[in-house]
Amino acid sequence: MLLFFGLLFAALNARPGTKAIAPGALVLDLNGTIVEQPEEQAPFAALSGQTMPKQYRARDVLRAIDEARTDDRVKALVLDLDRFGGGYPATLNEVADAIRRFRDTKKPVLAYATAYTDAGYRLAANASEIWVHPLGGTLFTGPGGSQLYYKGLIDKLGVNTHVYRVGKFKSFVEPYTRTDQSPEAREASQQLLGALFGQWQEAVTRARPKAQVAQFLSQPDRLILAANG
């Protein structure tokens, strides 16, 4: 017992090594999502074998990039976006701005991924060099997604739904009352998602004016054929 407490005391009072950190690159291996506050893992999740996707606190990522920007030992910034899970647009904008500030110091910023999604390319666009796997590519889908509608199933099951609402733009209950999207819901979605995608295009075009983003989104086949792709 005395030996145990002696070793514990020595471990608590041990000083970290003073070995100098050699110059190199800051590697951000973002194999998860960037969030404002990571979720707390359930107490028994590890015992049951459940694994939560990795989440990185936005302010930690921003602090690491900004501190590396003024650290003479950090000669470059490397973005490993191969398994990047994305983040909310506002968060990605902050991280992209931090990457741009790092690049403005004339230090190289290298980005790599097997394939770039909207979120990954939003960050990579601010790099000085963008690398991609020879068999990789890009997949830009824009914000949004798909919506399931249960009206047909509800009718087959003989279930009656009673909905009370006021106004036209009340689409939350539409999956239970319709088999498709109402014109009002479509208009609202197009306004919101169109604005978000427009901001993405503007930011990427500003970061890489030679990328011809608008042309690739509207006529990808023509540009690929012109490049003998």
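Reader: Is D71 buried, partly exposed or exposed?

Author: This is a predicted model, in which local features need pLDDT of at least 70, side-chain atom pairs count only at pLDDT 80 or more, and totals for chains, interfaces and linings use all residues. Residues are numbered from 1 along each chain as its sequence is written, and side-chain values use heavy atoms, with hydrogens and water left out. Buried means under 20% relative accessible area, exposed over 50%, and partly exposed in between (1.4 Å probe, protein chains only). The relative accessible area of D71 is 21%, so D71 is partly exposed.

Reader: Which residue forms a salt bridge with D71?

Author: A salt bridge is a side-chain nitrogen of Lys or Arg within 4 Å of a carboxyl oxygen of Asp or Glu. For D71 the closest N and O atoms of the pair are 3.0 Å apart.

Reader: How far apart are the closest N and O atoms of R69 and D66?

Author: R69 and D66 are three residues apart in helix α2 (residues 58–69), so about one helical turn separates them. Helices here are DSSP runs (H or I, at least four residues), as strands are (E, at least two), numbered from the N terminus. R69 has 28% relative accessibility and is partly exposed, as is D66 at 23%. The two form a salt bridge, with the closest N and O atoms at 3.8 Å.

Reader: Where is E202 found, and with which residue does E202 form a salt bridge?

Author: E202 is found in helix α7 (residues 183–207). With a relative accessible area of 52%, E202 is exposed. The closest N and O atoms are 3.8 Å apart, and the partner is R206.

Reader: Which residues are linked in a network of salt bridges?

Author: The structure holds nine salt bridges. A network of them links R57, D60 and R63.

Reader: Is T91 buried or exposed?

Author: T91 lies in helix α3 (residues 89–103). Contact means heavy atoms within 4.5 Å, and beyond its neighbours within four places in sequence T91 is in contact with I34, E36 and A58. Its relative accessibility is 4%, so T91 counts as buried.

Reader: What is the length of the polar contact that joins the side chains of T91 and E36?

Author: A polar contact is a pair of N or O atoms within 3.5 Å; within protein, one must be able to donate a hydrogen and the other to accept it, and residues adjacent in sequence count only if both atoms are side-chain atoms. For the side chains of T91 and E36 the value is 3.3 Å.

Reader: Where is the place of Y150, and is Y150 buried, partly exposed or exposed?

Author: Y150 sits in the loop between β7 (129–139) and α5 (151–157). Its relative accessibility is 33%, so Y150 counts as partly exposed.

Reader: How many helices and strands does the protein have, and what share of its residues count as buried?

Author: The secondary structure comes to nine helices and seven strands. Among contacts between residues at least 6 apart in sequence, 62% join residues at least 24 apart. Of the 229 residues, the share that counts as buried is 24%.
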